[in-house]
Amino acid sequence: MTEVKAVEIKAKLIPIYIMGKKYEVPETLTIMKAIEYAGYQYIRGCGCRGGVCGACSTVYRKPGSYKIMSGLACQTVVEPEMYLTQIPFYPAIRSTYTFEKLTGKPEEVFDLYHELFRCVACNACSKVCPMDVEVMDYIAALKRGDIKAAAEISFDCIQCGLCASRCMGELPQYHIAQLARRINGRYLTPQAEHLKTMVANIEAGRYQESLTGLKVMDINMLKETYTAREMEPATGGEDWIPKENIGL
Amino acid sequence: MKISYYPGCTLKTKAKNLESSALACLDALGVEYEELPRWNCCGAVYSLSDDDLIHLIAPVRDLIRVQEQGFDTVLTLCSMCYNTLARANELMKNDEVKRGTINDFMDEEPDYKGEIKVVHFLDFIRDEIGWDKLKANVKNPLNGMKLAPYYGCTLLRPGDVSIDKSNSPVVFEECMEALGAEIVKFPKAIECCGSYQVLGNPEAALKVSNDIITEATAFGAEAMALTCPLCDYNLGHRQEEMLKKYEGTKALPMFYFTQLMAVALGVDPENYNLDLNQAVSQEFLKGKNLLEKVST
Amino acid sequence: MPYPEQLKELIKVVESTRAERVARKKKNEEVPFLSLDARTDRLKYHPDFKDEGRHELSIGPSKGYKIAHEMAEVLEAHSRVNPADVDLSKTDYETDVLILGGGGAGTSAAILAAEQGCKVIIATKLRHGDANTMMAEGGIQAATKGHKDSPYFHYLDIMGGGHFNNVPELAETLANNAPGAIKWLESQGCNFSKYPDGTMKTIHGGGTSRKRMHYAADITGAEIMRTIRDEARNHSDDIQVLEFSPAVELILNEKGECAGAVLYNMETEEYITVKAKSIIMATGGSGRLHIQGFMTTNHYGATADGIVMAYRAGVKICFLHTVQYHPTGIVFPEQAEGILITEKFRGSGANLVNIEGQQFVNEREPRDVEAASIIKECIEDGKGIPTPTGKVGIWLDSPMIEDLAGPGTVEREFPGKFILYKRFGIDISKEPMLIYPTLHYQNGGLEFKNTGHTSLPGLFVAGEVGGGIHGENRLMGNSLLDIIVYGRIAGKSAADFANENVNGSKLSLEHVVKYNEEADKAGIAKDKVAPMLLPNYTDARTREKQLTSHYVGNMR
Ligand SMILES: Cc1cc2nc3c(=O)[nH]c(=O)nc-3n(C[C@H](O)[C@H](O)[C@H](O)COP(=O)(O)OP(=O)(O)OC[C@H]3O[C@@H](n4cnc5c(N)ncnc54)[C@H](O)[C@@H]3O)c2cc1C
Ligand code: FES
């Protein structure tokens, strides 16, 4: 089992307010580790611990400013006097759809998410986004039917939901962005030709013989074949071709 | 010269023909333009409620983007966008208290005091290009086309943002005349097409639109020039309904004025999305032999 | 926090050798790869080879197998819940296919099973998608470019990376189904990084002979996870997701088949039962066991639960004697400790550099060799860089990428890591990163076949919880691949099983009772319980003061 180690108190302790209650925590910790240091065990509000899952969105204020600040608890270092809460969940309605039946027309997005047009460009969403995504800009892009731009602008979204929590138009931005990205990936970006060809070749059994050859090969022979395999150079271009065409 | 331009959402979807033709004309006239790199919907309609400042956030933000882009003038194509942006701009220029409130709210943006000039394509051509230069560039005059320019409301009202004299404007007629058209003036040219009433009260809107079309026809028009996607929806896309409902109404071809300008300037029809216009309109241009001339 | 002065001084050494290293890279003059013998030698520095770190399993189907203490401990532990307390006469949920784990393997399996007409329940520990899959950055392998690559070469690389001990059929199925998996993801709308004509961009990874690593900027796993999760949500009529409800035991029926699971609602602290016609184990890895005290890249819920449950139900384990340490985890700044720096940095040309500014290993060796080399350089040769927090690390020279591929490349290709470091005041397009190996991947796991079947009828396996595909060492990019390939296979097989099989009616936890008895006999302390579910990071001083708290394992 995980050893429960006492955190060496070498770092200076600073006061933070977790949901209004004061705790002294080492100044080098992230908000997440500080909350654990304070004695909480997470069930909600903690997922990847690496800044990509969006489970740990946190809002806070600092003395002397009316500003709402935001961050990911697992990524943001504590600051003295910060006054914080995590928002582990915020309701947002997602529309279901049959992906196969979409075609990539803007109207499809409009139909699934009428509320798009309730955006008044207040920008609260972009301001609160812990990933610095320009949320308002992708919503603006979608309103004018530019799904590709929306997909690109929203690419770093981790779907933490803070945008939706701040939206006066009550939009579920991150669900809409997810739809935009999928439409972009499938309908607005050319599908890879080499992939189609390869799948067809495999289905036609083109590589089966050479592969079976390897599978039944004596281990020493396999090791030799492995060592002798030609390496594609690191800096070569797309069109590099190996000298021999065994296995191709 | 180079100018910043604000397209507006509808021009990126339903009214691509307005944008593509306008840009083709700018190319033909040698005007350089640069679309705002970041922009949002203008709000679509200027809010009339006195303390509804939140709806001004969107257009003011767009004006700030123009400043960010490094321009002092922004060109609009859609008359609704023009109206919304221009009015928001007037307010920011003149109403110190509301300006303060709005700037305070948008504390992540630089303060804005109404420094940008908002122009519409029509007054831009009039003031910056001039009718003479426009005429000189015409390769394919609209000779013999009996054309009724229709302003609608938002280019002319309220007075402080009107691109011409509110009650007796001439800019649209002069522009079309420079392209060689025979102008049909008619009183309802500056009346409302029904606008957003189409959502709440479609029947009433249809009646208003029908009155406009029948009057223009009665004055001898064989085609109408428009500046606004909403007018195009009410007057153009709903014509079939009118024809069914009102006896005596005749189909009237509709064009964005920029499309007609593009025809006259000899731009290849590929470039202004005639396919988005009604069939009657496409037929009309063909009948006038205006398209063939371009392609030869 | 930004680099302190003493590190800034050391960075100057790195800068002084950079131009020359970039020039060599451009000319393709690499530090040579180690021969197979030299690799074996180098691996002595790998943590797996420390004998004091392991012990023999005293109970269960793989009794006598020697694996890391931390893993052995959870495998030998008692059940969390007394089987006698669970009322199996009526179950809380009933479904066709029950999937344990809502990561990439579980979710792709769910979509496939639903497509076969099955009703599916996914029970998962945290939220749907809070999983290792979400965290994968670098890419996913597949031989998709026929002019230079094929499943033949992919297979060779997989086997070589795994020290030729992989289960050949598992590796073959992986290589053969790889392009189809990518195609499926593309058709689901995954945004892979592409050239304008739709050709996918591909790069090298450690141990690849051909550039076949496909990626979606530096958040490949997140892009895959969020896309297939979205698709699963489109099937909400058929796929029900129970979040914060990890499984704690499998349930069998009178025919000895797997027929359900006991779940624990961590929020209400209730135990609930699910009856199903077939079960897919997709609970992922075990980084949070912190083997040998290493920091880890894994998500919060990676605690080997699936292995524990299936082991009790009689499924053997394999390849758990090796654990993958990712060569490049962050050691400084402290706040980001353990976080992974994707191999793609090295694939894009960044050198590993010691305190003297010298490159000491080829950056594209298999992971175990790479990690062992870094440990050797630091511990044996004393050429590591001491950090202000008393650790030691090696430089990963990211600014080289800007010199090789043009300014702005680092921010464009690695937006996630660029922002992460920016928050700490470090610009990785100008300053190198300090890294050290970190606990990353569970190479082994439950024994299973290339159809997803296990020795326990009705139980299927997909993803990191399974062992054998990657032998003793997985190559980067083959795991995201494995969860899609085997997730889909398990989804299909489990659905077929559910569609064909008449469900037994008598549910039982007898196997758990027996296992507890075995544990007792072996003298395992009663307070050792598993599955662990979550690690506990509460400070020891705080725990001492929790005078009335009752802990079952790590959970209060
Ligand atoms: C930081 C990082 C980077 C990586 N980068 C790459 C890469 O670039 N390329 C690559 O190929 N691979 C990479 N990997 C490895 C790869 O991401 C994982 O091995 C793979 O995604 C595992 O998928 P999975 O579905 O098997 O497990 P996971 O995605 O971890 O999903 C398992 C799920 O089961 C849940 N669970 C756990 N216990 C229980 C329980 N008792 N009951 C119910 N649910 C439970 C978990 O919470 C989780 O949601 C990376 C891994 C990490 C951590
Ligand atoms: S825990 Fe996943 S983003 Fe913080």
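1. Basis of the values. The model is predicted, so that local features need pLDDT of at least 70 and side-chain atom pairs count only at pLDDT 80 or more, while totals for chains, interfaces and linings use all residues. Residues are numbered from 1 along each chain as its sequence is written, chains are lettered from A and ligands numbered from 1 in the order in which they are written, and side-chain values use heavy atoms, with hydrogens and water left out.

2. Which chains touch. Two pairs of chains touch, and the most contacts are between chains A and C, where contact means heavy atoms within 4.5 Å. Chain B and chain C do not touch, and their nearest C-alpha atoms lie 19 Å apart.

3. Extent of the interface of chains A and C. Here 107 residues of chain C are in contact with 88 residues of chain A. The area buried between them is about 9000 Å², with carbon and sulfur atoms giving 55% of it; buried area is the accessible area (1.4 Å probe) that two parts lose on being put together, summed over both.

4. Asp230(C) and Arg94(A) meet in a salt bridge through their side chains, at 3.0 Å from N to O. On the side of chain C that touches chain A, helix H7 (residues 168-187) of chain C supplies the largest share, 10 residues; helices (H or I, at least four residues) are DSSP runs, numbered from the N terminus.

5. The interface of chains A and B. In this pair, 17 residues of chain A are in contact with 18 residues of chain B, and the buried area is about 1400 Å², of which carbon and sulfur atoms give 53%.

6. Cavities. The count comes to 11 cavities of 30 Å³ or more, a cavity being, on a 1 Å grid over the protein atoms alone, a set of points where a 1.4 Å probe fits but cannot get out, with lining residues having an atom within 4 Å of a point. The largest cavity has a volume of about 160 Å³, and of its 16 lining residues the closest to the centre are Gly50(A), Gly51(A), Val52(A), Met131(A) and Gly416(C). Helix H14 (residues 415-423) of chain C gives the most to this lining, with five residues.

7. The second largest pocket. A pocket is an open set with protein on both sides within 12 Å along at least five of seven lines, and volume is the space filled by probe spheres set on the grid points, which are joined across faces, edges and corners. The second largest pocket has a volume of about 1300 Å³ and is lined by 40 residues, with Phe117(A), Thr10(B), Ala44(B), Tyr196(B) and Leu230(B) nearest its centre. H10(B) supplies the largest share of this lining, five residues.

Definitions and conventions. A salt bridge is a side-chain nitrogen of Lys or Arg within 4 Å of a carboxyl oxygen of Asp or Glu. Helices (H or I, at least four residues) and strands (E, at least two) are DSSP runs, numbered from the N terminus.
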